[in-house]
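The sequence and structure are shown first.

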Amino acid sequence: MDASRTVFLQKGVNIIDIDTVGEIGLDSVTVGAAKGEEERKPIADIEAEDGFLSGEAELGTDEMTAKHSSGGSYVSGIKAANGSELILEGDGDYTVAGMARYVDLGEAPDKNNLQINVSVPEDGEYKLVVYQSNGELFGKHSYNFQMVERYAVFQVNDGEKKKIVFRNTYSDASFKPQVVTLSLKKGENAIKIYNDNSKIRTNGVLKSGKTEHIPENIDYSVLTNYTPNFDRFVLYPALTGPVFEEESGGDTGHTQNSPGQGGAQINSQTVINQKTDISGSGAAETFPAKGKKYTVGDYQYKILKSSSKMRAVSIVKSLRKNIKRIVIPEKVTIKGRSYFVTKIEAKAFRAAQTAKSVTVHSRRITSVGKQAFSGIWKRAKIKVPPKKLNAYRKLFKNKIGKKMKIVKK
């Protein structure tokens with residue numbers, strides 16, 4: 001009798017544990033890619049920047065790191081809400097040099113967090129593929145790299161906390177996948193991610209000119225805790241469907257406990273691999289074609305870049321003639337995926353003759369076409385992100401009316 005079960009496997013080495021409810025004779029186990037497209041499809045694929053940020057959690061600003069993220073943006077390492085300090089000699093808690101302790105600043109441990117929401121079809125175990133990066137070094141050494149492996153707490157629906165340590169990826173611009181196993185309830189689930197500052201670490205560096213490694217010759221410091229940078233989250237079920245038994249034609253995972261037979265829930269002919277960019281096998285992702293136009297809200301957009309690594313659009317035109325305020329978003333959602341707005345096409349707002357102001361939320365505009373704002377009020381103010389004020393003044397120069405002003409929003 002042959003039996004098969006669709007399961008989740010991550011890239012690299014996997015341990016397959018086969019359990020039975022009765023005695024069986026196991027001849028062989030064959031592992032292959034799932035045949036059905038639906039079996040390979042994730043339940044959710046979420047860009048970290050599309051999550052909800054609380055406290056001091058924020059999007060990263062490093063251009064090189066953003067360039068290597070899947071959607072052109074990422075959530076930078078989330079700092080622990082409370083602090084830590086060295087325990088100095090003479091303190092009541094002092095035992096040996098170089099020790100540190102947690103400092104309660106009166107903040108909730110989850111004050112600074114990223115939350116993503118997922119909906120699942122049934123109660124059970126799920127695999128969350130977390131794309132993360134971290135190139136932090138701590139301390140100095142003549143030949144050993146002092147790499148920091150950051151950790152994060154994953155808390156589902158404000159319930160049990162699960163602390164996960166993430167490997168150092170040698171560079172903030174190098175996002176690597178790591179799998180986190182979570183128990184989810186049928187329907188909507190809120191996954192909160194933060195650093196609870198529960199692990200305090202110190203490092204000691206020999207003072208300049210000193211050669212003897214004794215406490216008075218060492219400068220000690222305490223590590224500030226952060227989560228890794230987050231780029232993307234992809235959710236899969238740990239198991240898909242029931243065990244299939246070819247000879248009996250049944251679809252149940254258990255048989256009667258008679259001699260020589262057992263309800264063997266085994267992984268034997270068909271298993272699921274992650275998407276192509278994780279495991280190198282399975283169905284390739286499809287994206288809207290470059291140049292194709294889509295309507296989102298009051299505007300028409302054109303696809304500029306469309307891949308798992310980078311997705312960008314230009315704003316082509318306003319579809320409303322009586323619009324009073326033009327709003328250029330940071331990103332738009334097309335076919336279930338986020339696309340950053342990076343360009344304003346020529347004469348994009350020629351028909352928006354009633355518009356009195358423009359608000360630019362996008363911090364990624366790199367090109368503005370000629371006469372992009374030729375149709376709007378000649379004294380209109382163009383409000384832009386404060387950090388982009390100088391850059392956008394140069395970029396928009398000669399592309400707007402002489403009496404229009406670019407100001408901070």
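In this predicted model, strand 19 (residues 311–318) is mostly covered, with seven of its eight residues buried. Strand 18 (residues 299–306) runs antiparallel to strand 19 and is joined to it by seven bridges. These two strands form a hairpin, with four residues between them. Strand 19 also pairs with strand 22 (residues 337–344); here the strands run parallel, and four bridges join them.

Isoleucine 303 stands opposite valine 313, and in strand 22 the bridge partner of valine 313 is valine 341.

| Partner strand | Direction | Bridges |
|---|---|---|
| Strand 18 (residues 299–306) | antiparallel | seven bridges |
| Strand 22 (residues 337–344) | parallel | four bridges |

Two loop positions are described next. Valine 31 lies in the loop between strand 1 (3–9) and helix 1 (37–40). Its relative accessible area is 46%, so valine 31 counts as partly exposed. Together with Ile24, Leu26 and Val29, Val31 makes a nonpolar surface patch of about 300 Å².

Threonine 61 is located in the loop between strand 3 (52–54) and helix 2 (63–67). Threonine 61 is classed as exposed because its relative accessible area is 66%, and the cut-off for exposed is over 50%. Between threonine 61 and valine 75 there are 9.0 Å in space, C-alpha to C-alpha, and the two residues are 14 residues apart in sequence.

Key
Residues are numbered from 1 along each chain as its sequence is written. This is a predicted model: local features need pLDDT of at least 70, side-chain atom pairs count only at pLDDT 80 or more; totals for chains, interfaces and linings use all residues. Side-chain values use heavy atoms; hydrogens and water are left out. Buried means under 20% relative accessible area, exposed over 50%, partly exposed in between (1.4 Å probe, protein chains only). Two strands pair if DSSP finds at least two bridges between them. Patches are made of residues with over 30% relative accessible area and no salt bridge: like charges are joined within 9 Å, nonpolar side chains (Val, Leu, Ile, Met, Phe, Trp, Tyr) within 5 Å. Accessible areas come from the Shrake-Rupley method with a 1.4 Å probe; for residues, only the protein chains shown count as cover. A salt bridge is a side-chain nitrogen of Lys or Arg within 4 Å of a carboxyl oxygen of Asp or Glu.
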